[in-house]
Each structure stands twice: as structure tokens, then as C-alpha cells.
Amino acid sequence: MEKRTLRGIFFSVTLIMNCVMVQAQYDLTKYAFPIVGTQNEYQFANGNVYPCIALPFGMNHWTPQTALNGERWQYSYTSTYITGLKETHQPSPWVGDYGVLSLLPTVGERKFLEKERQSWFTHKSEVASPEYYKVYLADHNVTAELTPSERGCIMQFTFPETNQANVVIDAFDQGSFVRIIQSENKIVGYTSQRSGGKILLPENFRNYFVVTFDQPFTDFATWKDTCFVGNRTEVSGQRTGVVVTFSTRKNRKVIARVASSFISQEQAELNLSREIGNKSFDQVKDAGKLAWNTWLSKFRIEDNRIDDLDHVRMFYTALYRMLLYPREFFEYDVQGKIVHFSPYNGKVLPGRMYTDNGFWDTFRAVHPFFTLFLPEVSKNILEGLANTYRESGWLPEWASPGHIKCMIGSNSTSVVASAYLNGIKDVDINVLWDAVYHSTYDVHPKLSSVGRAGFREYNSLGYVPNDVINESAARTLEYAYADFCMYKLALSLHKNDTIIKTFRERAVNYKNLFYKKYNLMAGRDSKGNFRPDFNPLAWGGDFTEGNSWHYSWSVMHDPQGLADLMGGQKIFQQMLDSVFKMPPVFDSKNYGKVIHEMREMQTIGFGQYAHGNEPIQHMIYLYDWAGEPWKSQYWARQVMERLYQPTADGYCGDEDNGQTSAWYVFSALGFYPVCPATGELAIGSPLFRKVIITLPNGKSLKLNAGSNNEKNVYIKEITLNGQVFTKNFFTRGQLQNGGTVNFQMSPDPNTKKGIQTADFPYSLSREKLAP
């Protein structure tokens with residue numbers, strides 16, 4: 001009897017321990033590090049991100065602020081001061097922030113300007129995970145914590161025992177307002193700050209906020225611009241705020257509940273009651289952890305190598321970054337219906353809206369990832385794009401929160417077409433077709449980044465001439481790929497033959513820029529002349545944040561056609577090799593200065609391969625079209641190993657709303673969407689021994705590479721559901737149907753695998769035309 005009891009106790013303890021281990025295994029937030037990529041400066045980017053404490057796609061993000069208000073790099077890992085705990089909507093330091101608000105606990109004399117209220121801190125007493133942030137503010141002897149909801153946040157401040165425990169609420173500048181309702185322990189107001197640069201927003205753009213405290217504040221002082229204005233209960237002006245004071249003699253903890261709305265003050269209060277309400281700090285935190293694990297656990301790494309922990313951390317950190325954008329710019333009204341404030345016409349309208357995304361970056365891998373693995377997200381984004389077109393007459397190319405002048409191309413076409421062609425059918429495709437079609441034949445009257453700058457010349461000459469508009473070669477190459485997307489979408493929608501023929505012909509306009517003398521792409525003037533002083537190493541000018549060596553590979557839809565221009569497969573292979581063999585030199589004369597992307601290319605040791613910027617990121621996988629897939633495998637692993645680390649300087653260049661992260665996530669899985677519209681994924685080199693992906697149809701996709709390690713980077717053989725697989729790519733259907741992919745890894749390249757043309761991914765030049 002005693003033995004049975006002990007055995008039962010042992011079994012119970014073992015079961016409990018196993019359950020704890022399983023729970024710990026699937027708490028994947030502990031592997032996602034918001035601090036990664038936060039060590040940056042203007043001249044050099046290691047991610048250009050801030051510690052984003054938020055829920056997936058949340059309307060509001062929160063971050064510790066180390067900078068002064070208005071400074072683009074709002075958190076710097078090398079800083080020693082915290083100046084605020086900030087509600088932020090900044091998608092990039094190059095774009096700026098909008099709708100901001102900050103709180104900060106202080107002790108003693110009331111102070112509100114950043115340099116007066118700031119406190120020393122150290123990373124040793126800082127904790128950051130996707131759903132939680134904690135920091136000890138040394139100058140105030142206060143521990144500050146926060147955890148978010150989609151549109152709100154709950155903060156917990158642990159003060160010393162004092163009668164002068166303060167919380168500074170800063171509504172920032174560009175027009176703000178605060179009202180103190182002391183009887184309800186409440187502050188309400190709005191902030192009007194908008195992103196820097198050229199942005200179009202309606203006059204009534206505001207972010208309304210509400211802050212409530214769990215205990216009465218004994219006193220308060222409002223302020224305007226740089227001065228206190230006493231105990232006025234309402235203050236409006238360029239910059240306003242309030243300092244509220246508590247006594248913490250009996251209760252050292254002060255709880256602040258915060259929410260905001262772009263619709264109205266009443267909606268802000270509704271958001272607060274729904275998302276935060278009377279929940280405790282831990283309840284909100286636990287809900288946030290659950291939300292993140294629901295998304296992250298769709299991709300389970302099962303790899304027991306201790307030396308692979310950094311890869312695991314980098315994978316989930318990158319996946320966390322991908323799931324932050326685009327931002328859900330919508331709310332739920334009293335009836336629970338989805339509504340949004342339109343950043344385009346200033347009206348409150350039904351339906352979804354998304355923002356804070358630059359399609360020049362994210363069309364490449366982020367949106368294909370959503371379409372492949374998270375189709376409901378892709379569907380919702382397309383609903384938002386349709387609403388954007390209805391409300392503004394244009395699709396966004398860069399939105400924050402409305403149209404802004406940033407970057408080039410009509411890459412929204414790829415986002416729409418790639419999603420629809422790859423299974424996202426439950427959308428208003430008629431509106432979306434009108435939207436993408438309109439973009440090919442017009443340009444925004446105020447923002448050259450919206451629509452197609454130079455569309456008339458492009459449509460008549462077959463390229464954008466460099467004596468008409470800048471960055472002409474980059475525009476031409478991106479328009480040609482967009483026209484390929486239009487061609488495929490027109491086919492799918494059974495448009496008339498003229499439309500189909502027009503876009504198919506324009507899809508090969510990239511050929512009009514091929515400069516045979518250099519075997520590279522180059523800009524041309526209206527008369528068809530190349531520049532007499534053409535320098536393939538010159539950044540800018542006819543290109544965007546890059547040079548000819550970076551952009552010449554921007555023929556994602558027709559690598560075979562590019563190889564033919566260069567003189568055949570052997571020369572194509574040599575040109576690809578040359579990218580890595582050339583020295584990392586650059587010509588900066590077109591910019592008149594050295595921009596950070598140049599330094600990032602120069603310092604990483606990959607020759608002319610500039611992974612820190614998007615145009616060349618897919619180039620590694622073009623070896624799958626060149627009959628040398630083992631080189632794709634080698635270079636993909638080199639980039640993953642050398643250019644990504646779970647550290648403050650862990651990215652190379654700008655992270656860019658998830659794009660640089662998406663490259664890593666896809667590559668770590670073993671494939672990459674070089675040409676999103678085709679639904680094919682070029683094969684590289686998987687990073688882990690086993691990954692299990694839970695698909696939206698309830699099936700699972702198992703990716704096995706049991707002999708994987710830092711030396712076995714080459715693929716000897718692939719089997720798909722038990723059958724030998726010879727091709728250099730997977731199709732969407734093969735992956736979405738689930739099953740098992742086995743990669744047999746080796747330290748030596750298999751130079752006999754994937755060398756036949758039949759094994760290459762799609763190229764337009766090999767497509768048979770209908771009679």
C-alpha cells in the first residue's frame with residue numbers, strides 16, 4: 001500500500017512537471033526580444049526599431065522613451081535616461097510618429113519637461129517582452145510596469161512612501177488638450193501630432209485619450225507649452241499636459257488605465273471599458289501573453305540543440321516583428337460593429353482600415369507570408385485596401401496613417417494580385433481591380449509616391465526616362481513587375497484580350513534598361529541614351545537607395561529572361577557570383593553624402609550584396625534559376641548566421657515593418673517567395689532540425705532536417721510526403737496541403753540536384769503564349 005502511494009505521488013509529480021515543461025515550451029514570448037535592433041544612430045542602422053510592447057497588429061504600440069519629444073529615434077539602447085512611457089504609432093524613424101501620448105512617474109517637486117522629469121536607468125533592471133515592460137527609474141526610486149491591450153494599456157507604478165508621488169501626462173505638441181475630472185480620478189483629452197515629412201491628413205485628425213487611476217490624486221497642476229498654469233481643469237494649446245500627485249503612504253502602488261481612439265472621446269472611454277475595465281494588471285498581462293502565444297505557436301520549433309538557442313530567439317523575435325504591422329486602424333462601436341476614422345476624408349465609416357506599412361518593403365515577403373500561412377489576415381488587409389481606395393481614390397504605397405510621400409513604385413498591385421491569385425478570394429475584387437488599374441494610369445496630384453510617377457512616358461516609351469523624373473530605372477523595374485501582376489490578375493479575372501496583352505507586353509519592359517556593355521540595368525533618357533558616365537557602383541540617381549548591382553536583379557517574374565539578356569545561364573551564374581566577389585565600394589556623388597545603407601553594405605563583408613536594404617534581398621535565391629541551387633543554400637545560411645543575432649545590434653539595416661524579419665523567417669523555414677504573384681517559393685537551406693506549422697485549414701506542415709547543423713548547410717535530397725522531390729521550389733498548394741518535407745542535409749553540395757530547366761521556378765519567358 002505504501003509503495004503504491006509513493007508510486008502514485010511520483011507519477012503525479014512527474015505529470016505536473018511534464019505539464020509545466022510543456023507550458024513553458026509553448027510560452028514562446030520568452031524567445032521574442034523587443035530589444036533586438038534598438039541600438040542605432042542616424043549614420044548606421046541595426047534595425048531602427050524600438051521596444052514595441054503591443055498586441056499583434058494592435059492599434060496602439062507602447063515603448064519606453066529615451067529621447068526628447070519629436071526626436072525620431074525615440075528609444076536608443078545606448079541611452080541612460082528614460083523620459084516617458086509612450087503610446088506610439090511610429091512605423092519607422094524615417095517617417096515619424098503621430099497620435100502620441102506619454103506617462104512617467106516621478107517623485108518630489110513637480111516637473112514635466114523631458115530633461116527635468118527624466119530618470120537614469122540600466123538594462124540590468126529593464127525587462128521587455130512583447131506583452132510586458134518593466135523598468136526601475138533610479139532617480140525617482142520608482143518601478144514602472146506596463147502591459148497593453150489592442151487600443152489601451154494598464155500601467156503599474158510602485159512608489160516609495162511619499163506624499164509627492166507624481167504621474168506626468170504629456171499630450172505632446174502640434175495641438176493638444178487635457179481636462180481633469182478629479183472626482184472620477186480621470187484625465188481626458190486629445191493629441192493632434194502627426195508624422196513628419198509630407199503627409200496628407202484631414203483637419204479633424206485627433207487621437208482622443210482617457211486615463212483613469214485606481215486611487216484619488218491629492219493634487220494636480222496643468223501645464224501649457226513650457227509653463228505650469230496652476231490648477232486649471234482644462235487646458236488647450238500647442239503642447240499641454242498635467243502632473244497629478246498621490247500620497248503613497250498607505251498604498252505604494254498606483255494603477256493607471258489608459259485607452260485612446262481616433263474616432264471620439266466617447267469611443268476612447270468605450271475602448272477602455274471593453275479592453276481594460278476593472279481587470280487587474282496581471283489579468284491584462286496574461287491575456288496579452290496568451291494572444292502572442294496563439295500567433296507564435298502556429299510555428300513550433302522542435303530542436304534540442306543548446307547551441308541553437310540564439311537561432312530560436314532570432315526566429316521568434318523576427319516573427320513577433322512581422323506580426324506588429326500593418327496596424328489595425330479600426331475600432332468597435334457601441335453595437336460591436338467595426339468602424340474606423342478615415343485618415344483620408346476625416347469621416348467615421350464602417351469596415352476595416354490598416355496603416356503604417358510601406359509596400360516598397362513588405363510586398364516582398366511579409367504579405368506573401370500572410371497569404372500563405374495567415375490568409376484571414378491577408379483577407380482583412382485587402383478589405384482595408386478597398387476602403388482606402390473608396391475613401392481617397394488611391395491605393396496606399398506608404399501610409400502613416402494617411403498617404404505620405406515616401407519611396408517609389410506601385411507595389412500595392414503586388415499585394416492585391418499576389419493575395420487574390422494565391423487563394424484570397426473573399427474580397428471585393430471589382431473595387432480592387434479598379435484600384436490597381438487606376439494606379440497604372442495616373443499619379444497623385446500632390447504625392448509622387450502614390451500611383452505611378454512618369455506613367456505617361458513609361459507607357460509610351462517602355463521605361464521611365466531619367467531626364468523626366470529621378471530614380472527612373474528603379475521605377476521602371478518595379479512598374480514592370482507590377483505589370484506582370486496586372487497581367488496575371490487580368491487573366492484570372494477574364495479581362496478582355498487587349499488588357500491582358502497590354503500588361504503582358506509591359507511586364508518585359510525591364511529589357512529596355514539592359515545595358516549590354518555592363519550586363520546590368522541602367523537608366524536612359526527620353527532619346528534612349530544611356531548615361532555616358534554610367535557607374536554601376538553609383539548609388540541613387542536612377543536608382544533608389546542602391547546601385548545597378550542591387551537593382552539589376554529586380555526581374556523577379558522573369559529570371560530566365562534576365563539570364564538570356566546576359567548571355568545565357570553560365571554568364572548569369574558568373575554575374576550572380578560577382579555580387580559577392582566584388583569589393584564593397586560605393587559612389588555617393590548622387591546623394592552628395594554617405595547614407596547609412598552604404599555603410600551597412602560596406603561593413604558586413606558580403607561584397608556588393610546589401611542585405612540591409614530590400615531591392616537585393618531576393619537575389620540569393622536566383623541561383624535556383626541558374627542551375628546552382630547549392631549556392632542559394634550556402635549564401636542563405638551565411639546571411640542567417642552572420643547578419644541576424646538576438647542582440648541590440650541584431651539586424652543589418654532597417655527592419656522595415658517586418659520585411660527584413662520576414663526574410664529571416666522564410667529562409668529559416670527553408671524557402672522564400674522571390675516572385676510573390678506566382679505562389680512559388682524558391683528553396684534555400686532550412687535552419688532548424690524540425691519545425692511544425694499549424695495551417696489555417698487544420699492541417700500541419702512538418703519540416704524535418706534531422707542532420708542539420710552549422711556545417712550541414714547543403715541539401716542532398718528532399719522528399720515531400722515520402723516522394724523524392726527534385727525541383728528548386730515548392731508551390732503554395734504543396735505547402736498549404738500540409739504533410740511532411742524531409743531535408744537530408746550534408747556538408748557537401750549536391751551539384752547534380754536542381755540543374756535541369758524543368759526543376760527551375762517560374763519565368764515569364766518560358767511561359768507558352770495562348771494561340
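Q: Which residue of strand 18 is the bridge partner of Ile169?
A: The partner is Val242. This is a predicted model.

Q: What makes strand 11 and strand 18 a pair?
A: Two strands pair if there are at least two bridges between them. Strand 11 and strand 18 (residues 240–246) are joined by 6 bridges. The cut-off is at least two, so they count as paired. They run antiparallel.

Q: How do you know that strand 5 pairs with strand 11?
A: Count the bridges again: strand 5 and strand 11 (residues 165–170) have 6. At least two are needed, so this is a pair. The sense is antiparallel. One of the bridges links Leu103 to Ile169 in strand 11.

Q: What makes strand 4 a partner of strand 5?
A: Strand 4 (residues 84–88) and strand 5 share 3 bridges. The cut-off is at least two, so they pair. Their sense is antiparallel. Lys86 has Ser102 of strand 5 as its bridge partner.

Q: In what order do the strands of the open sheet stand?
A: The 7 strands follow the order 2-4-5-11-18-15-16, with antiparallel pairing.

Q: Why are strand 2 and strand 16 said to stand at the edges?
A: Strand 2 and strand 16 (227–228) each have a single partner strand, so one side of each has no neighbour in the sheet.

Q: Why is strand 5 described as largely enclosed?
A: Strand 5 (residues 101–107) has 7 residues, and 6 of them are buried. Therefore the rest of the structure largely encloses it.

Q: Why is Asn271 called buried?
A: Its relative accessible area is 3%. Buried means under 20%, so Asn271 qualifies. Asn271 is found in helix 3 (residues 265–275). Beyond its neighbours within four places in sequence, Asn271 is in contact with residues including Arg151, Ser260, Glu331 and Tyr332.

Q: Is Arg72 buried, partly exposed or exposed, and what makes it so?
A: Arg72 has a relative accessible area of 28%. Buried is under 20% and exposed is over 50%, so Arg72 falls in between and is partly exposed. Arg72 lies in the loop between strand 2 (61–65) and strand 3 (81–82). Arg72 and Val95 are 23 residues apart in sequence, and 8.2 Å apart in space, C-alpha to C-alpha.

Q: Why is helix 7 called oblique to helix 8?
A: The axes of helix 7 (residues 366–373) and helix 8 (residues 375–392) come within 5 Å and cross at roughly 120°. Roughly perpendicular covers 65 to 115 degrees, and roughly antiparallel starts over 145, so this angle counts as oblique.

Q: Which residues of helix 7 and helix 8 meet?
A: His367, Phe370, Thr371 and Phe373 in helix 7 meet Pro375, Val377, Ser378 and Ile381 in helix 8. This contact divides into 5 nonpolar, 3 polar and no charged residues.

Q: How do you know that helix 7 is mostly covered?
A: Of its 8 residues, 8 are buried. Among them are Val366, Pro368, Phe369 and Leu372.

Q: Which members of the largest nonpolar core touch the most other members?
A: They are Phe213, Phe315, Phe373 and Trp553, in a core of 199 residues. Helix 12 (residues 472–492) gives the most to this core, with 12 residues. Another core lies apart from it, with 17 residues, among them Val95, Tyr98, Tyr344 and Ile404.

Q: Against what do the buried residues of helix 17 pack?
A: They pack against helix 14 (548–551), helix 18 (629–643) and strand 30 (653–654). The buried residues of helix 17 (residues 596–604) include His596, Met598 and Ile604. Gly605 follows helix 17, and its phi is positive, near 80°.

Note on methods: Residues numbered from 1 in each chain as written. Predicted model: local features only at pLDDT ≥ 70, side-chain atom pairs only at ≥ 80, totals over all residues. Heavy atoms only, no water. Core = buried A, V, L, I, M, F, W, Y, C linked by side-chain atoms within 4.5 Å. Buried < 20%, exposed > 50% of the residue type's maximum accessible area, 1.4 Å probe, protein only. Helix = DSSP H or I, 4+ residues; strand = E, 2+ residues; numbered from the N terminus. Axes fitted to C-alpha atoms, helices over the stretch in contact; angles between N-to-C directions. Parallel < 35°, antiparallel > 145°, perpendicular 65-115°, else oblique. Contact = heavy atoms within 4.5 Å. Nonpolar A, V, L, I, M, F, W, Y, C, P; charged D, E, K, R; others polar.
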